[in-house]
Amino acid sequence: MEVKAQQLKLYIPLLITSVSLLIIGLGPGLFNQTTLTGYSWQHKVFNLLCHQDPYRSFAINGEPMAICARCLGIYGSFAFVVLLMQLIGRFLTVINRLVVKLIMITIVLNLVDVFFNGIGIWTNTLHSRFLLGAFFGGSLALILTNEFFKQIGNSEESYGT
């Protein structure tokens with residue numbers, strides 16, 4: 001499977017956007033800026049999308065990232081799967097049946113983690129939040145990959161037959 005010209009026009013902006021969001025999400029520490037937490041331009045970009053709790057965020061150069069560990073997992077795995085989209089598209093016959101179940105499982109796992117952490121049954125860590133977020137982001141990107149490559153097998157000549 002290869003990306004056709006029409007998909008390439010969508011793929012390149014998607015790749016650039018997802019990688020850019022990941023880089024911006026890494027926060028001011030990546031750019032070697034020291035600011036008051038939450039007042040950098042990177043934090044303002046994600047202000048409505050993430051709670052940005054510095055205690056739930058990894059740090060770079062002593063500065064908390066602009067997104068929490070779970071969001072870092074979501075954006076990171078999404079960008080990674082988009083980067084590998086053409087390769088993954090070759091295996092869609094296997095992924096096709098599992099992708100909806102996978103997204104449902106990741107949603108349930110994240111909700112269970114948040115709920116049980118909230119009521120004190122267990123305490124999640126930066127790494128567990130990151131991992132569960134990565135499962136969710138990767139699942140979202142797999143759904144997108146599935147939709148993206150679904151039409152590659154359909155040639156324009158086969159439409160309407």
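## Aromatic pairs and overall fold

Phe115, Phe116 and Trp122 are linked into a cluster by ring pairs. Rings of Phe, Tyr and Trp (its six-membered ring) are paired if their centres lie within 6.5 Å; planes under 30 degrees apart are stacked, over 60 edge-to-face, and the rest tilted. The model is predicted: local features need pLDDT of at least 70, side-chain atom pairs count only at pLDDT 80 or more, and totals for chains, interfaces and linings use all residues. Residues are numbered from 1 along each chain as its sequence is written, and side-chain values use heavy atoms, with hydrogens and water left out.

| Pair | Centre distance | Plane angle | Class |
|---|---|---|---|
| Phe46 and Tyr75 | 5.4 Å | 55° | tilted |
| Phe116 and Trp122 | 5.0 Å | 85° | edge-to-face |

Phe46 belongs to the loop between α2 (41-45) and β1 (59-60), and Tyr75 to helix α3 (residues 69-83), so this pair ties together parts 29 residues apart in sequence. Both Phe46 and Tyr75 are buried, that is, under 20% relative accessible area, where exposed means over 50% and partly exposed in between (1.4 Å probe, protein chains only). Phe116 is partly exposed at a relative accessible area of 25%, and Trp122 is partly exposed at 35%.

The chain contains six helices and two strands, in the order α-α-β-β-α-α-α-α; helices (H or I, at least four residues) and strands (E, at least two) are DSSP runs numbered from the N terminus. Of its 161 residues, 40% are buried.
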